[in-house]
Amino acid sequence: SILTVAMADAGFVIVFDEAEMIISHNIQLQDVTVKQLATMLQPVIDTPSAEDKLPDILQNQFNSWVVTPITQSDTTVGALVMLYCNTIDASYTPNTTTTSLINVLRTVVAIIHTQAKNKNYKLSYQHSLRIATHDMRSPLTSIKGFGSMLESPSVGDLNEKQRRFLSKIMSGISRLTLQIDNIQDIGRYDPDIDQNELERSPAYLVDIVQEVVENYLILAQDQDLEVSFQADDTLPIVNINADMMKRAIANIIDNAIKYTPHGGKFDVAVRHINQDALIIVEDNGLGVSPSDAYKIF
């Protein structure tokens with residue numbers, strides 16, 4: 001290892017800004033955190049130095065240490081800390097081997113910084129996206145509310161043409177809301193930035209699927225599509241995220257309607273086969289060529 005080549009009894013390499021230990025050798029920090037080490041070392045390291053007294057934050061079994069800064073663009077971004085059981089000459093200067101190791105570590109630290117920046121950019125992007133989609137929801141909710149009021153007898157009767165236009169408006173609002181939900185989900189379950197907000201709870205699958213189908217009946221009627229829904233009586237309670245399941249089913253049904261010509265049909269079924277609960281959406285629309293089907297899921 002790097003520390004063995006440097007003839008150290010123990011030691012570590014630390015990155016300051018990210019408070020990350022990338023190498024450790026023969027040392028257990030116990031209750032000491034990497035962040036504490038970074039906070040202690042960062043302000044005092046400018047040049048390579050050797051001392052015969054270790055800070056209290058480290059183990060007392062060593063008699064001296066050598067600290068060599070890792071720099072980038074004249075900025076100290078980390079340190080190579082080598083611990084020795086014997087006393088080191090205070091006039092220590094890095095030898096050729098240590099200098100070569102520092103050059104290698106400089107590249108490693110640069111990679112860590114790049115990865116951290118990318119992670120921060122992703123988090124910032126997701127945060128901005130959520131704010132934008134949240135702000136888009138407010139006017140949509142208002143429009144949907146006033147649209148629902150127009151359907152109420154209290155505001156007067158609508159003629160056939162007005163009802164048809166209103167139904168298209170309400171259907172368009174539902175589809176736009178679905179698209180906003182899809183955008184909001186981008187990166188929500190991203191393992192690269194440790195994002196995982198998926199919560200599950202017991203739900204009856206038939207009710208969920210039926211609710212989605214009913215939301216699309218007006219849109220299907222506008223295209224003169226025949227719609228059928230069937231469900232087995234033996235379906236069990238399932239442990240799922242209901243919102244995400246609705247989103248997935250809605251996307252499939254939305255595509256079925258979008259790519260089925262006027263006068264066509266689509267069938268939705270929920271089946272209990274062996275140990276599986278299957279949601280099936282079939283239509284007589286354009287379909288997907290076998291050569292492209294593998295790209296969908």
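**View 1. Ser228 meets its partner in strand E9.** The bridge partner of Ser228 in E9 is Asp267. Six bridges link E7 with strand E9 (residues 265-273), and the two run parallel. Strands pair when DSSP finds at least two bridges between them. Strands (E, at least two residues) and helices (H or I, at least four) are DSSP runs, numbered from the N terminus. This is a predicted model: local features need pLDDT of at least 70, side-chain atom pairs count only at pLDDT 80 or more, and totals for chains, interfaces and linings use all residues. Residues are numbered from 1 along each chain as its sequence is written, and side-chain values use heavy atoms, without hydrogens and water.

**View 2. An open sheet of three strands.** The order is E7-E9-E10, with mixed pairing. Strand E7 (226-231) and strand E10 (276-283) stand at the edges; each has a single partner strand, so one side of each lacks a neighbour in the sheet. From one strand to the next, the twist averages 10°.

**View 3. Helices against the sheet.** Helix H5 (residues 205-215) packs on the sheet and touches E7, E9 and E10. Contact means heavy atoms within 4.5 Å. The direction of H5 makes about 175° with that of E7. Helix H7 (residues 242-258) lies across E9 and E10, at about 20° to E10. Angles run from 0 to 180 degrees between N-to-C directions of axes, which are lines fitted to C-alpha atoms, for helices over the stretch in contact.

**View 4. The hairpin of E4 and E5.** Nine bridges join strand E4 (residues 64-72) to strand E5 (residues 75-84), running antiparallel. Trp65 stands opposite Leu83 in E5. Two residues lie between the strands, and Ser73 takes a positive phi near 50°.

Definitions and conventions:
Buried means under 20% relative accessible area, exposed over 50%, partly exposed in between (1.4 Å probe, protein chains only).
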